[in-house]
Amino acid sequence: MSSFGIHLPPTVMTAQAGEAAFFYGTLMHPKIIKRVLSNKGNHLTVCPAILLDYTRHQVKHADYPGVVPYAQTRRLLGGDLAEPERCVRGSLVFGLTKEDFRLLDIFEGSEYTQYRISAHPLGQPEPLDRASLQTLPASPIPPSPSDLRTSVSAYTYIYTAGLEFLTPDIWSYDTFVKEKLWRWVNDDDDEEYAETDAKRHLVATDFIDESDSTEDMTGFGKAMLSEFCFDEGYVNLNHGSFGSLPRQVLDATEIMAREAEGAPDLFMRRTYLQLLANVRARIAKFINAEADECVIVPNTTHGINTVLMNINWKEGDIIVAFTTTYGAVGSTLRAVRDRNLGLSLKIINLTYPMRHVELLEMFKKELASIPRRDGQTVLCVLDGIVSVPGVIMPWQEMCKICKDYKVLSLVDGAHLVGQIPVDLDAAKPDFWISNCHKWLYSKRGSAILYVPHRNQHFITIALPVSIGYVSPDDPPPRLDGPARFVRLFEWTGTIDMIPFLSIDAALNFREAIGGEKKINDYCHSMAMQGGRRLAAVLGTRALDETGELTASMTNVLVPVDISQFSGEELGALLSNFNNTLLDKYNCFAGIYFHDKKCWVRCSAQIWIELSDFEYVGKALLEICRDYAKRGVDVPAAADVIMDEEEFEDH
C-alpha cells in the first residue's frame, strides 16, 4: 500500500504454467511481448478483452500506463467517470509458461504487482505469431456488461508504486501506437528494438538467459581484445574512467602525428583546421546538432569550467547541483562561488537506487522552492550519466523541467557519447559537454562542447583566452554569431591537436565493427548480466536490479562494512583495493563509497565477457576476506583522502 492507500483485492499470487494474462499497455503490441519473452510466442494465443472496474492512467514522464482499481480512480481524479469509462481495453494471452512469467516480472519491475483478476474476452483467441494490431482493441465504447462473454481468470500487473506517480489522464493505446511505438520497435523485418530494449531504459536482450552466449550473438567478447592495446592478461573493467584506444584509432593518430612533424607549418596553419571542421561536422551529426554549435575541448571538466567562467554572475544568483555531482565539478562550483560575491550553491541530496520518476518529482519540488526575482540567473549542473554510482539520470526530462522553471541547464555528459544515443535537438539543453575519449574510443583527451545558437552570446572567451577573442573595442569588421563562437576554440595555444582529430577515426572504427546499436546493446546486456554474475560471486546485490538506471556500467555492493569508518580508514581501504587489484590480480574496477556502503563500478565493453566479472569478483572477495582477518592499516601520514569520483578522468 502506498502513501495514498492503494488497497487491492487479496489475490496476489504467483502465476503457474499454462496460465492466461491480461495486458493493457505496451505489451498489447505483439512485437513487444515477443521481444520481452525472447521467443516468437508460437505456444501462445491472444484475443481482445476488457477488464471492468479498473482504469488505466499515464505514468508520469513515461510512455506506459498503470492500472488501478476504480475505487482508487475517484481519489486520483477528484470525481467520478461515466460508467462506460470504468473499464480497461486490452488483450488476453493464453498459454504462458513459468519462464514467460519470470521474464514478465522482470519487465514490469517494482512498480507493478501481479494479481489475479477476471477479464472478459471480446473475440476468439488466435495464435500470437499470426496476431496483428487489428487483433487488438482500439477504443470504441465497450458493450454493456449483460452482453459480455463469460469472464476468464487471468493475471495482470496492477500499478502499486503509488497514485502520486500517475496522472489523471487516461492512457490511450491508439496514441501510443501513433506517437510512441517507433521508440519501442522498428519497422524493419529483423525487429531491431529501441524502447522495448529499455522498458524504462531496460534493454530486452538482458532477458535472454545467461546461459545464452551474448558473445556468439554479436561477434564481440574476448576476440575483440586484439583490436585494443591492452597488455596481455590485463582485465579492464574500468573503461569508464579513462577510455580505451582501439589500435585502428591509434594507427590513424600516428599517421597524423608524422604528417604534422613532416611539415609543422602546413599542418598547423592549414591541414589541422580543415580536419577539425570535418570532426565538428561529423560529431554534430552524431548528436543531432549543428556544426557551428559544436567545438572541441580537451575534456568535460574543461568544458564545464568554460561555461561557468563565462556567466556574468550577480548577487542573488544560484547554481544548483547534486551530492552526486562529479568531484572536480563540485570544486569548480565552489571556486566560482568564492570568486563571485553573492553567488550561492544549492545542493540536492541524491541517494541511489532511486527511480527516475522519484528523481523528477523531487527535482521539480526543489526548483519550485527557489525564491526568484527579476534578472536573477539560476543554473543547474546535471549529469547525463552519474560518475558514481554509474547510473543514468533522466537528463532530457530534467532539461525540460529546467526550462519550465526558467533555469539554465548545464549537462555534464562526460559518460554519454558512445554509451547511449544522444539527440540534442530534442533535449534542448542550454549547455552540454561530453568526453569522446571515454565511450566513443577517441584519443585522450578530446571532448565536445555544445552551445546552441540561442546561448552563444554567453560565451565570450575560451580557456585559455587566445587569438580568437573578440573585444568590443576591436575595430570593425568583427566576427559575430556562430563564426565568432567557433573561432574562439579553433586555436587556444599550441598543444597536441591529434586527440581532437582522432574523433573522426573513432567514428570510423565504430561503424566498421557494426555501429551504435550493436555496440550499445552488447554493452548494456553485458552490464546487466555481469552485474548479476558479480553479485552472485560476492554474495551481495546490484544497485540497479531493474535496468532503469543502467547503460553500460553496473554497480555492485562490496561485502565490507564501512559504516563506522573514519575518513582516513576509507582512504586506506580504497588504496588497498586499488593497489591489490592492480599489483596482485592485474585487473581494475572502480571502488567507491555511497550511502555509507562500499560499491564497485564495472564498465562493460565489447571485449568483456561474463568470465571477466567472475575474475574480478573473486579478486574482490579475496581482498575482503583479507581485510576481515587483518583490518586496514592506516599510514601514520595518510595520503590525501580521495573523493568518491577521483579514480577517473573527467
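Which residue is the bridge partner of Thr554 in strand 21? In this predicted model, the bridge partner of Thr554 is Cys602. Strand 18 and strand 21 (residues 597–603) pair in the antiparallel sense, and five bridges join them.

These strands belong to an open sheet of three strands, ordered 18-21-20 with antiparallel pairing. Strand 18 (553–557) and strand 20 (590–594) are the edge strands, each pairing on one side only. On average, neighbouring strands of this sheet are turned by 35° against each other, direction ignored. Helix 17 (residues 567–583) packs on the sheet and touches strand 20 and strand 21; the direction of helix 17 makes about 155° with that of strand 20.

The structure also holds 19 salt bridges.

| Pair | Distance (N to O) |
|---|---|
| Lys222 and Asp612 | 2.8 Å |
| Arg282 and Asp504 | 2.6 Å |
| Glu614 and Arg533 | 2.6 Å |

Lys222 lies in the loop between helix 5 (214–218) and strand 10 (235–236), and Asp612 in helix 18 (residues 610–630), so this pair ties together parts that are 390 residues apart in sequence. Lys222 is partly exposed, at 34% relative accessibility, whereas Asp612 is buried, at 7%.

Arg282 lies in helix 8 (residues 264–286) and Asp504 in helix 15 (residues 498–512), so that pair ties together parts 222 residues apart in sequence. Arg282 is partly exposed, with a relative accessible area of 22%.

Glu614 lies in helix 18 and Arg533 in helix 16 (residues 516–538), so the two tie together parts 81 residues apart in sequence.

Conventions. Residues numbered from 1 in each chain as written. Predicted model: local features only at pLDDT ≥ 70, side-chain atom pairs only at ≥ 80, totals over all residues. Heavy atoms only, no water. Pairing = 2+ DSSP bridges. Helix = DSSP H or I, 4+ residues; strand = E, 2+ residues; numbered from the N terminus. Axes fitted to C-alpha atoms, helices over the stretch in contact; angles between N-to-C directions. Contact = heavy atoms within 4.5 Å. Salt bridge = Lys/Arg side-chain N within 4 Å of Asp/Glu carboxyl O. Buried < 20%, exposed > 50% of the residue type's maximum accessible area, 1.4 Å probe, protein only.
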